[in-house]
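Take a walk through this protein chain, from its overall make-up down to single residues. Keep the structure open beside the text.

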Amino acid sequence: MRSSLAPGIWLLRAFSRDSWYRGFILLITFLIYTCYHMSRKPISVVKSRLHHNCSGMIQPINDTHSLNDTTWCNWAPFDQSNYKELLGAVDNAFLVAYAIGMFISGIFGERLPLRYYLTAGMLLSGLFTSLLGLAYFWNIHVLWYFVLIQICNGLVQTTGWPSVVTCVGNWFGKGKRGLIMGVWNSHTSVGNILGSLLAGIWVDGQWGLSFVVPGILTAIMGLITFFFLIEYPEDVDCSPPQHHSEPEENQDNPEDPGNRPHSNRESSQESGAACPKEPRAQPAAISFFGALRIPGVVEFSLCLLFAKLVSYTFLYWLPLYIFNVVHFSAKEAGDLSTLFDVGGIVGGILAGLVSDYINGRATTCCVMLILAAPMMFLYNYVGQSGLSISIVMLLICGALVNGPYALITTAVSADLGTHKSLKGNAKALSTVTAIIDGTGSIGAALGPLLAGLISPTGWNNVFYMLITADILACLFLCRLVYKEILAWKSSLSRDGGSSVVLTHAR
């Protein structure tokens with residue numbers, strides 16, 4: 001019985017149980033969003049297969065094309081000279097639908113059970129991803145089919161991000177959130193890497209399988225989500241995290257730094273053993289405009305618009321850039337492009353770690369964005385002069401570009417969604433996440449579209465566009481960086497004053 005255990009041993013067991021469940025939630029949400037991104041990536045790898053120079057290939061005996069035709073092996077309707085614009089339209093169909101749907105998705109995410117919402121989204125996402133690949137087996141050559149499937153896929157994929165961030169926010173408080181979410185957010189890059197590698201297996205043959213296999217894996221993960229996802233700690237009698245729900249006097253009381261959370265948890269669990277578990281009172285969901293009034297939401301949203309523009313342009317066009325400029329095969333270009341995502345994993349973790357240490361999310365993002373601009377310029381001009389240089393530059397660019405993007409979409413969104421102005425109402429988390437990522441998704445839609453329109457004039461112009469967007473992302477954070485610097489100065493002056501008082505007391 002619980003009463004026969006020493007208090008320290010009982011607390012240790014309760015802590016271990018809570019930690020086990022929190023680790024499990026991190027793992028399952030990591031796998032969920034890995035699958036979402038894995039199903040998005042194949043289109044960027046298959047692009048180079050849908051249109052490429054066929055002059056070095058042997059035509060089939062019964063082929064009706066002329067011997068001088070260099071497009072006979074391409075997939076209509078992408079066999080025309082305007083193929084870049086058509087591929088850009090297919091990308092944009094997904095991204096515009098994703099951007100529009102994201103603003104609505106957060107509102108639904110607050111009002112529907114996350115387990116059902118995510119399960120439905122993953123099953124439908126797996127279906128629409130597979131339908132893209134079935135175009136190969138069904139011999140479909142009409143543009144509207146690809147555009148329509150991408151629109152549907154973009155809408156159902158919006159179920160993922162607000163839901164997983166809300167679920168993680170329900171389980172984790174603010175302490176070390178940047179580091180935890182920096183590691184956790186590597187699911188984006190891991191999903192991109194898996195999607196590239198899986199698509200690369202079949203891209204030079206039956207490229208339809210490059211979509212069908214990730215689609216099936218995503219649907220399977222949706223079923224796992226239905227059976228195993230736990231939305232709230234209270235659902236399994238775990239202690240909830242501390243956001244900003246404690247009274248002000250508790251927050252400001254230096255006499256009781258560590259004992260109160262344990263005693264509260266102990267008393268609440270003992271009272272739960274003495275009486276039946278009462279239904280959890282759900283706070284009211286916040287409105288869209290109410291979420292916009294939370295300090296920092298607008299600035300980080302606009303910053304993410306341009307940061308995500310840069311990141312998604314690399315996501316969708318980097319394999320084709322490597323294919324055209326370095327003249328690698330489609331599989332080699334897809335494999336090399338994964339290094340950008342490997343760098344993104346390191347950048348996301350580094351951004352979270354640094355922002356936790358200095359307590360400055362905006363400053364961390366701004367510094368990384370400033371460094372990213374010259375690195376993108378150098379990659380375009382010297383990154384293709386050798387394989388080793390290309391590898392190093394891709395890793396560095398990936399870290400600097402994806403680091404701020406990862407930090408804003410995870411730790412910053414969770415911070416703002418549990419802001420102290422909400423008085424402990426974490427129901428805003430889904431809406432805030434949707435606003436920030438939805439605004440960012442507008443940039444994600446613009447980036448690949450602009451790349452498709454600008455790339456015929458030269459890849460240099462595409463990189464100038466990316467550098468300009470990167471600088472604009474920095475500018476939107478200037479006010480928040482200034483506030484963080486003032487907060488640091490105030491903190492240093494308080495520390496200095498305290499040390500002076502102690503010296504005089506001695």
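What follows moves from the whole chain to its surface, its aromatic rings and some local details.

This is a predicted model. Confidence therefore comes first, with pLDDT as the predictor's confidence in each residue, from 0 to 100. The chain has a mean pLDDT of 79. Of its residues, 76% reach 70 or more. Two stretches call for a closer look. Residues 1-5 have a pLDDT below 50, and this stretch makes six contacts in the model beyond near neighbours in sequence. The pLDDT is also below 50 over residues 244-279, a stretch with 27 such contacts in the model.

Now the fold as a whole. The secondary structure comes to 19 helices and zero strands. The chain has 506 residues, and 54% of them count as buried. Contacts reach across the sequence. Take those between residues at least 6 apart: 83% of them join residues at least 24 apart. The accessible surface of the chain is about 22,200 Å². Carbon and sulfur atoms account for 68% of that surface.

Which residues form a nonpolar patch on the surface? The patch consists of Tyr116, Leu123, Ile216, Leu217, Ile220, Leu223, Ile224, Phe226, Phe227 and Phe228. Together they have about 940 Å² of accessible area. Two elements give two or more residues each: α4 (114-137) and α9 (209-228). Helix α9 supplies the largest share, eight residues. Phenylalanine 227 is found in this helix. Its relative accessible area is 60%; exposed means over 50%, so phenylalanine 227 counts as exposed.

Next come the aromatic rings. A pair of aromatic rings is described by the distance of the centres and the angle of the planes. A search of the whole structure finds 28 aromatic pairs. One of them joins tryptophan 20 and tyrosine 21. Their centres are 5.4 Å apart, and the angle between the planes is 90°. The pair is edge-to-face because the cut-off for that class is over 60 degrees. Are these two residues buried or exposed? Tryptophan 20 is exposed, at a relative accessible area of 56%. Tyrosine 21 has 18% relative accessibility; buried means under 20%, so tyrosine 21 counts as buried.

A second pair consists of tyrosine 321 and tyrosine 379. Here the centres are 6.0 Å apart, with 50° between the planes, and the pair is tilted. It links distant parts of the chain. Tyrosine 321 is in helix α13 (residues 297-325), tyrosine 379 is in helix α15 (residues 361-382), and they are 58 residues apart. Both tyrosine 321 and tyrosine 379 are buried. Ring pairs also build a cluster, which includes Tyr321 and Tyr379.

Two single residues show how the chain comes together. Glutamate 85 is found in helix α3 (residues 83-111). With a relative accessible area of 32%, glutamate 85 is partly exposed. How far apart in space are glutamate 85 and isoleucine 454? They are 9.5 Å apart, C-alpha to C-alpha, although 369 residues separate them in sequence. Leaving aside neighbours within four places in sequence, glutamate 85 is in contact with Gly452, Leu453 and Pro456.

Asparagine 185 sits in the loop between α7 (177-184) and α8 (187-202). Its relative accessibility is 7%, under the 20% limit, so asparagine 185 counts as buried. Beyond neighbours within four places in sequence, asparagine 185 is in contact with Trp161, Ala406, Thr409 and Thr410.

Last, the backbone. Most residues other than glycine have a negative phi, and most peptide bonds are trans. What kind of peptide bond joins alanine 76 and proline 77? The bond is cis, with omega about 10°. Proline 77 lies in the loop between α2 (42-50) and α3. Asparagine 139 is not a glycine, yet has a positive phi of about 60°. It lies in the loop between α4 and α5 (143-157). Asparagine 139 is exposed, with a relative accessible area of 51%. Aspartate 237 also has a positive phi, near 60°. Its place is the loop between α9 and α10 (248-252).

Definitions and conventions:
Residues numbered from 1 in each chain as written. Predicted model: local features only at pLDDT ≥ 70, side-chain atom pairs only at ≥ 80, totals over all residues. Heavy atoms only, no water. Patch = residues over 30% accessible without salt bridge, like charges linked within 9 Å, V, L, I, M, F, W, Y side chains within 5 Å. Areas by Shrake-Rupley, 256 points an atom, 1.4 Å probe, with all protein chains shown as cover. Salt bridge = Lys/Arg side-chain N within 4 Å of Asp/Glu carboxyl O. Helix = DSSP H or I, 4+ residues; strand = E, 2+ residues; numbered from the N terminus. Buried < 20%, exposed > 50% of the residue type's maximum accessible area, 1.4 Å probe, protein only. Contact = heavy atoms within 4.5 Å. Phe/Tyr/Trp six-rings, centres within 6.5 Å; stacked < 30°, edge-to-face > 60°.
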